[in-house]
Amino acid sequence: MKRFEKITRLIPLLEAEESHGKWFVDNRHEGTLEDPFIAPYVEYGKAANELIFMVHECVDDNEDLAVRNYREVLESCGLPDEESMLAADVAKCDARCTLAMILYVVRGDRFCEGFLLRHLENGSMLKWMKRLEEIDGE
């Protein structure tokens, strides 16, 4: 198995999905103490859900890349925030930097609902996954 195959094998599945997820917004409850709202959340598609799991497995499998502290890794690569990540020339990113960007988005979704969905829809997640596929092919 190639180093990043757990993640890259999902590329065709993500490309084939019509929708990577959809927002659930509670319209049935009144928002009172007796009938509280359910907070909005994203219901991810099958491939997106699998991606979340596989990213964590891939990080575990590649301990030598030391990307658990992904913010520190990204700062050392000159990518201190989301804007700089999106503007980065991914062809110049190494495996460590690319995996850190992917982990940044997956972990960020736990704190900012829909963060992963935004990066799936704008194409950045697939772009980074394809870069890992290129690196595996080198």
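Helix 6 passes helix 8 in a left-handed crossing, where left-handed means that the near helix is turned anticlockwise from the far one by less than a right angle, and right-handed that it is turned clockwise. Helices here are DSSP runs of H or I with at least four residues, and strands are runs of E with at least two, numbered from the N terminus. Please keep in mind that this is a predicted model, in which local features need pLDDT of at least 70 and side-chain atom pairs count only at pLDDT 80 or more, while totals for chains, interfaces and linings use all residues. Residues are numbered from 1 along each chain as its sequence is written, and side-chain values use heavy atoms, with hydrogens and water left out.

Helix 6 covers residues 95-111 and helix 8 covers residues 124-137, and the two pack at an angle of about 150° with their axes 10 Å apart; the axes are lines fitted to C-alpha atoms, for helices over the stretch in contact, and angles run from 0 to 180 degrees between N-to-C directions. Helix 6 is therefore roughly antiparallel to helix 8, since angles over 145 degrees count that way, under 35 as roughly parallel, 65 to 115 as roughly perpendicular and the rest as oblique. Contact means heavy atoms within 4.5 Å, and on the helix 6 side the residues that meet helix 8 include Leu99, Ile102 and Val106, while among their partners in helix 8 are Trp128 and Leu132.

Helix 3 also packs against helix 6, at an angle of about 135° and with the axes 10 Å apart, so the pair counts as oblique. In this contact, Ile52, Val55, His56 and Val59 of helix 3 meet Leu99, Ile102, Leu103, Val106 and Arg107 of helix 6.

Let us turn to the loops. Glu113 is found in the loop between helix 6 and helix 7 (115-121), and with a relative accessible area of 36% Glu113 is partly exposed, a class that lies between buried, under 20%, and exposed, over 50%, for a 1.4 Å probe and protein chains only. Which residue has its backbone nitrogen 2.9 Å from a polar atom of the Glu113 side chain? That residue is Val42, which is 71 residues away along the chain, although the two C-alpha atoms are separated by 6.8 Å.

Finally, Ala66, in the loop between helix 3 (46-61) and helix 4 (70-76), has a positive phi of about 50° although it is not a glycine.

Terms used
Polar contact = N/O pair within 3.5 Å; in protein donor to acceptor, adjacent residues only side chain to side chain.
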